[in-house]
Every structure is written in structure tokens, then in C-alpha cells.
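Subject: Structure handover

Hello,

Here is the structure I promised. Please open it and read my notes alongside.

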Amino acid sequence: MVLSIDLAVLLAVVIVVLLRRRVAPRTKADTFLTMSVVLVFGILVAPTDFGQGIQNVVTDLAQGISDTSTG
């Protein structure tokens, strides 16, 4: 059985978790991380050639990490 998760859905869940985490003022690093995740999510959702290229790069990177961890 193979479980497949769409990268855009996964990033949407990460965005919700990052934005709901706390009410206290955020650090610059936390703001940068949230902004970066939202930017990548926007690129992945956009149906452009640039967005598809970014998706291919991120998919290849994730697949390479997955392949090295499985041995």
C-alpha cells in the first residue's frame, strides 16, 4: 500500500499550523519561515510553467531524500 500526499495540501496544513501556533509577537526568523512557506505554496498552486518547474524541483528533492533514507 502506497500513501501519496499532494505537496500543496501538505504545505496548506503547515501554513495553518504556523499561523495558529501562538498569539505572542513572532520573531524575524518565524516570520521569514512563514513567508517562505506561503510563497512556495502560492507558486505550487499557480498553474504556470514556472510553478510546475518549482514543483518538479521540490518533488525531485523530496524523492531524493526519501530514497537516501530508505537505504
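α1 passes α2 in a left-handed crossing. A crossing is called left-handed if the near helix is turned anticlockwise from the far one by less than a right angle, and right-handed if clockwise. Two packed helices are described by the angle between their axes and the distance between the axes. Here the axes of α1 and α2 (residues 28-45) come within 10 Å and cross at roughly 150°. That makes α1 roughly antiparallel to α2 (over 145 degrees; under 35 is roughly parallel, 65 to 115 roughly perpendicular, the rest oblique). The axes are lines fitted to C-alpha atoms, for helices over the stretch in contact, with angles from 0 to 180 degrees between N-to-C directions.

This is a predicted model: local features need pLDDT of at least 70 and side-chain atom pairs pLDDT 80 or more, while totals for chains, interfaces and linings use all residues. Residues are numbered from 1 along each chain as its sequence is written, and side-chain values use heavy atoms, without hydrogens and water.

The overall picture: the protein has 3 helices and 0 strands. Its pattern along the sequence is α-α-α. Helices (H or I, at least four residues) and strands (E, at least two) are DSSP runs, numbered from the N terminus.

Buried residues make up 14% of the 71 residues. Buried means under 20% relative accessible area, exposed over 50%, partly exposed in between (1.4 Å probe, protein chains only). The accessible surface comes to about 5,700 Å², and 70% of that belongs to carbon and sulfur atoms. Areas come from the Shrake-Rupley method with a 1.4 Å probe; for residues, only the protein chains shown count as cover.

Now some residues in α2. Val-37 sits in this helix. Val-37 counts as buried because its relative accessibility is 13%. Between Val-37 and Val-14 lie 7.9 Å in space, C-alpha to C-alpha, and they are 23 residues apart in sequence. Val-40 is also in α2. With a relative accessible area of 30%, Val-40 is partly exposed. Val-40 and Ile-54 are 8.4 Å apart, C-alpha to C-alpha, and 14 residues apart in sequence.

Last, α1 (residues 7-20), where Val-9 is placed. Val-9 has 47% relative accessibility, so it counts as partly exposed.

Best wishes
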